Amino acid sequence: MSWPDDVVERAEVMVAKYPESRSAVMPLLYLAMREDKGLTLDGMRQVADYTGLTPVQVESVASFYSMYKRDSVGDYIVSVCTSISCHLLGGDEVLEAVAEETGVPPGETGSDGRLSVEGVECIGACGGAPAVQVNYELVEGVTPDSARRLCRWLADDQPVVISSDQMQADFGGIRSFEWGPAEPGGATGPVPAFGPLGTEGQRS
Ligand code: FES
């Protein structure tokens with residue numbers, strides 16, 4: 001199955017950003033995962049077509065990173081860190097609050113396909129623990145209460161673009177360090193930010 005025009009357009013923008021098309025493999029895999037709500041063989045074949053890599057090479061990248069989901073995922077993937085720094089500062093309580101507020105247990109996707117919840121290993125924001133990601137965009141210094149508000153915001157507003165800056169301002173606490181200049185076109189986030197390429201929770 002081929003991608004719709006707007007997804008093809010985004011894929012072409014991604015490929016054009018790199019001197020070698022193969023360098024676009026990771027953002028393209030993300031795009032394929034968002035499009036199919038989970039990474040499919042067909043999606044990976046399309047990534048291979050865009051990058052000039054073989055399907056096996058594409059799959060070897062996809063299978064290395066836990067962020068590329070083969071199972072079906074929701075429009076929003078809420079990842080709560082429960083590794084040591086976050087654990088010590090309440091990450092488990094944050095995960096519990098997310099599960100309670102959404103009704104989605106860790107490791108599962110809600111029956112409406114809107115939201116997936118997971119507990120994850122360190123996401124590189126230990127200084128701003130407890131840390132949470134939504135569609136891999138980071139928010140630091142989260143509390144159980146602010147995590148509940150974040151979940152309600154996702155459910156009520158259904159934001160198309162997930163922005164680290166916005167989430168940090170609305171739901172975050174103390175963070176590890178300044179991330180640098182804001183990127184109004186999308187999420188800032190630490191590398192590799194997909195924001196300039198359009199970090200979407202869903203296509204409108
Ligand atoms: S331990 Fe949670 S971000 Fe590192």
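This is a predicted model: local features need pLDDT of at least 70, side-chain atom pairs count only at pLDDT 80 or more; totals for chains, interfaces and linings use all residues.
## Strand E3

How many of the six residues of E3 are buried? Six of the six are, so the strand is largely enclosed by the rest of the structure.

Burial in E3 applies to both of its faces. Leu-115, Val-117 and Gly-119 lie on one side, Ser-116, Glu-118 and Val-120 lie on the other, and all are buried. In a regular strand the side chains alternate between the two faces of the sheet.

## Overall composition

The secondary structure of the protein consists of eight helices and five strands. Read from the N terminus, the elements follow the order α-α-α-α-β-α-α-β-β-β-β-α-α.

The protein has 204 residues, of which 46% count as buried. Among contacts with a separation of 6 or more, 62% are between residues 24 or more positions apart.

## The sheet

The five strands form an open sheet in the order E2-E3-E1-E4-E5, and the pairing is mixed. The edge strands are E2 (108-109) and E5, each of which pairs on one side only. Helix H8 packs on the sheet and touches E4 and E5, with its direction at about 20 degrees to that of E5.

Strands of a sheet pair through backbone hydrogen bonds, either parallel or antiparallel. E1 and E3 pair in the parallel sense, over six bridges. Within this pairing, Val-80 has Gly-119 of E3 as its bridge partner, and Ile-77 has Ser-116 of E3. E2 and E3 pair in the antiparallel sense, over two bridges, with Glu-108 opposite Val-117 of E3. E2 and E3 form a hairpin with five residues between them, and Gly-113 in the turn has a positive phi of about 75 degrees.

## Nonpolar cores

The largest nonpolar core has 33 residues. Those that touch the most other members are Val-78, Val-80, Val-94, Val-98, Ala-131, Val-132 and Ala-147. Two or more residues of this core come from each of strands E1 (76-81), E3 (115-120), E4 (132-134) and E5 (137-139), and from each of helices H6 (91-102), H7 (144-157) and H8 (164-171).

Which residues are in contact with Val-80, leaving aside its neighbours within four places in sequence? They are Gly-91, Val-94, Leu-95, Val-98, Gly-119, Val-120 and Val-132. A second, separate core has 18 residues, including Tyr-30, Leu-31, Tyr-50 and Ala-62.

## Helix H6

The 12 residues of H6 should span 16 Å at 1.5 Å a residue, and the end C-alpha atoms are 16 Å apart, so the two values agree. The buried residues in H6 are Gly-91, Val-94, Leu-95, Ala-97, Val-98, Ala-99 and Thr-102. These buried residues pack against E1, E3 and E4, and also against helices H5 (84-88) and H7.

After H6 comes Gly-103, whose phi is positive, near 75 degrees.

## Helix H2

Helix H2 covers residues 25-36. Is H2 mostly covered or mostly uncovered, and how many of its 12 residues are buried? H2 is mostly covered, with 10 of the 12 buried. The buried residues are Val-25, Pro-27, Leu-28, Leu-29, Tyr-30, Leu-31, Ala-32, Met-33, Arg-34 and Glu-35. Tyr-30 and Leu-31 also belong to the second core. The packing partners of the buried residues of H2 are helices H1 (5-16), H3 (41-51) and H4 (55-64).

The 12 residues of H2 should span 16 Å at 1.5 Å a residue, and its end C-alpha atoms are 16 Å apart, which agrees. Just after H2, Lys-37 takes a positive phi of about 55 degrees.

## Asp-42

Asp-42 has its place in helix H3. Asp-42 has 13 other C-beta atoms within 10 Å; the limit for a buried residue is 20 or more and that for an exposed one is 12 or fewer, so Asp-42 is partly exposed. Ser-2 is 40 residues from Asp-42 along the chain, and the C-alpha atoms of the two are separated by 8.8 Å.

Methods
Residues are numbered from 1 along each chain as its sequence is written. A nonpolar core is a set of buried Ala, Val, Leu, Ile, Met, Phe, Trp, Tyr and Cys residues joined through C-beta atoms within 7 Å. Helices (H or I, at least four residues) and strands (E, at least two) are DSSP runs, numbered from the N terminus. Two residues are in contact if their C-beta atoms, placed from the backbone, lie within 7 Å. The expected span of a helix is 1.5 Å times one less than its number of residues. Two strands pair if DSSP finds at least two bridges between them. Axes are lines fitted to C-alpha atoms, for helices over the stretch in contact, and angles run from 0 to 180 degrees between N-to-C directions.
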